Amino acid sequence: AYISSETLGGGRGGNIRLEARDSVSFSGEDQTASGSGIEASAKYSGHAGELVIEAKNISLTDGAYINSGSHGSGDGGEIFLGNAETIVLSGTDTKGNPTRIYSGSEGTLPTAGSGGKIVVSARNLSLSDHASISVSSKGGGEAGKMDLNVSEIRLGSGASLTSGTERENVHEFGSMSERDNILIPGDRVDVTEDAGSGMTGSYIF
C-alpha cells in the first residue's frame, strides 16, 4: 500500500488523516520489492502537509515507512501518531530497508528547508529489528523535532531513535522527550550524530 501527498513544486502539499476505531497497519511490498508507506514530503519550494494517524493500535512492519522530510527549500510536515494504546515498528523489507518514520532536511544547500516534527502519543511504543524514528539534517536546514509522549518505550534488535546533523549547522535542533519508562536491552539511542559544529538534539529521561 502506498499513500502520497508530497509537493513537487511551489504549492503546499495536502494533509493526510487516517482514523480507525481499532487498528491501522502498513506492511508488505509491491512487485518492485518496495515497502508500503506514506509520502508527505516537500521536494522543492512548497511546504509539506500534515500527516495524522489515530487508532487504538498502529503498526508498521516489513520495511513500511512514513516520510515527511524536506528535499528542497520547502519545510517538511508534521507527523502525528496518537490516541493509541500500542504503536509498533518492526522489521525490514527484502532489500534490507528498515521500517522507519523520518522527518528531516535532506537538502545540502544553505537555503535548504527545515525538517518537520514527529509527535508520538501512546501508552506503549515498541521498535525492534532495526526499526527507527529519526530527524536529521544534511545541510542548512533544521533537523526537525521529535516529541515522544509515551508511558513505555521498548527498543530491541538494533532499533534506534536518532537526531543529528551530517554537516556544519548553526541551527539548534529539536528535543526528544518522553514520560515514565524506557526499556533498552542493549540497543541504542543516538543524539550526537553531529559531524560538524551544529547542535544535535537532546534526549530527556
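I began with Ser132 and found it in strand β11. I take helices (H or I, at least four residues) and strands (E, at least two) as DSSP runs, numbered from the N terminus. This is a predicted model, in which local features need pLDDT of at least 70, side-chain atom pairs count only at pLDDT 80 or more, and totals for chains, interfaces and linings use all residues. Residues are numbered from 1 along each chain as its sequence is written, and side-chain values use heavy atoms, with hydrogens and water left out.

Is Ser132 buried or exposed? Ser132 counts as buried because its relative accessibility is 12%. My cut-offs for relative accessible area are under 20% for buried and over 50% for exposed, with partly exposed in between (1.4 Å probe, protein chains only). I then listed what Ser132 touches, leaving out residues up to four places away in sequence: Leu89, Thr99, Arg100, Ile101, Leu127 and Ser160. Contact here means heavy atoms within 4.5 Å.

**Whole protein**

I counted 17 strands and zero helices. Of the 205 residues, 47% count as buried. Among contacts with a separation of 6 or more, 82% join residues 24 or more positions apart. The protein exposes about 9,100 Å², and carbon and sulfur atoms supply 45% of that area. I used accessible areas from the Shrake-Rupley method with a 1.4 Å probe; for residues, only the protein chains shown count as cover.

**Core**

I looked up the largest nonpolar core and got 33 residues. Such a core is a set of buried Ala, Val, Leu, Ile, Met, Phe, Trp, Tyr and Cys residues joined through side-chain atoms within 4.5 Å. Ile66, Ile87, Ile101, Leu125, Leu127 and Ile133 have the most contacts inside this core. Elements giving two or more residues to the core include β3 (23–26), β6 (57–61), β8 (78–90) and β11 (132–137). Beyond four places in sequence, Ile87 touches Ile58, Leu81, Val120, Ser121, Ala122, Asn124, Leu125 and Ser126.

**β3**

Which residues of β3 are on the covered face? I found Val24 and Phe26 there, with Ser23 and Ser25 on the uncovered one. In a regular strand, side chains alternate between the two faces of the sheet. β3 pairs with β6 in the parallel sense over four bridges; I require at least two DSSP bridges to call two strands paired. Phe26 has Leu60 of β6 as its bridge partner.

**Ala40**

I placed Ala40 in the loop between β4 (37–39) and β5. Ala40 counts as buried because its relative accessibility is 0%. Its C-alpha lies 9.4 Å from that of Ser70, 30 residues apart along the chain.
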